[in-house]
Amino acid sequence: MIKKVMLAALSMFLLGVLAACGTSGDSSEESNGTIVMGTSADFPPFESFTPEGEYEGFDIDLAHKVAEELNYDLEIEDMSFDGLIGSLQAERVDMVMAGMSATDDRKENVDFSVEYHHSGEMFVTQKDSEVTSLEDLEGQTLGVQLGTIQEEGAKELQDEYGFEIKEMDEATTLIQELKTGRVDVGYMDKTVAEGYIEEQDLAGFDDPTTSSPGMAIAFPKGSDLVEDVNEVLEQLIEDGTVEELEEKWELTEE
Ligand code: ARG
């Protein structure tokens, strides 16, 4: 009898050991840590908030995939686009995905992954606007988001085309200002502009001067993550995952 009880106890003990092995055997699956990603969630379909306050969009999905492949947890922090590069430089975030174009200027301050999407640029107007070309911009107020390539681009075009520039913190505000007539034209990435034009019944025309580089993930200079993320990104581009996400979020490639 005692023997039986002991046997039972022993097998329970062994089972326990096995179970413990099971979990510790999974240690290769244990998270490598947390990647804190900065974004500016005012830019659908790349990043925005659902009505419930959850992050959503192409960048958000792609970031989750990359983190998952590298076995990291992902934490997302929303901030103004204009503050993203500074946050990387201060290493307050580990990476940034925000539809950010990998420009040479930015490359002086941050490192970029391979490019994962390319968008042109567009001017957005109200549907009945008479502004349909660069020449019509004279005397108009042009809205741009602070810190974007469009802010810079607008400054370059301003002398030649004679418009006023109004800078805004958020791309969503820019669209509101356009709808309420406080700016006449919005200048933004084409992929995003096209969505707003369709959804908010606006109009627009392509920027014929655009030569913007593709969008990429940004990191603090010298970050160890760059190489690992690039490997995964290249694989996700190659195996069609990025294309699938582009279809899901209806991104048009330029
Ligand atoms: N592609 C443009 C840039 O890099 C605009 C990006 C704006 N992104 C955003 N999440 N608001 O300057």
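Is K190 buried or exposed? K190 is buried, its relative accessible area being 10%, where buried means under 20% relative accessible area, exposed over 50% and partly exposed in between (1.4 Å probe, protein chains only). This is a predicted model in which local features need pLDDT of at least 70 and side-chain atom pairs count only at pLDDT 80 or more, whereas totals for chains, interfaces and linings use all residues. Residues are numbered from 1 along each chain as its sequence is written, and side-chain values use heavy atoms, with hydrogens and water left out.

**Salt bridges**

- The structure holds nine salt bridges, a salt bridge being a side-chain nitrogen of Lys or Arg within 4 Å of a carboxyl oxygen of Asp or Glu.
- K221 pairs with D111 in one of these, with 3.0 Å between the closest N and O atoms. Because K221 lies in the loop between β12 (215-220) and α8 (225-238) while D111 belongs to strand β6 (residues 110-117), the pair ties together parts that are 110 residues apart in sequence; helices (H or I, at least four residues) and strands (E, at least two) are DSSP runs, numbered from the N terminus.
- K221 has a relative accessibility of 46% and therefore counts as partly exposed.
- K190 forms a salt bridge with D206, the closest N and O atoms lying 3.2 Å apart. This pair links distant parts of the chain, since K190 is in helix α7 (residues 190-199) and D206 in strand β11 (residues 203-206), 16 residues apart.
- Whereas K190 is buried, D206 is partly exposed, with a relative accessible area of 43%.
- R182 forms a salt bridge with E177, at 2.8 Å between the closest N and O atoms, and E177 counts as buried at 10% relative accessibility.
- A network of salt bridges links E151, K155 and E167.

**Ligand surroundings**

- Of the 15 residues around the ligand, those that come nearest are D42, A98, R106, I149 and D189; a residue is near a molecule if one of its heavy atoms lies within 4 Å of it.
- A nitrogen atom of the ligand is 2.8 Å from an N or O atom in the side chain of D42, and a ligand nitrogen atom also lies 2.8 Å from a polar backbone atom of A98.
- At S101, a polar backbone atom is 2.8 Å from an oxygen atom of the ligand.
- Taken alone, the ligand exposes 350 Å², of which the protein buries 100%, with accessible areas coming from the Shrake-Rupley method with a 1.4 Å probe.

Methods
Polar contact = N/O pair within 3.5 Å; in protein donor to acceptor, adjacent residues only side chain to side chain.
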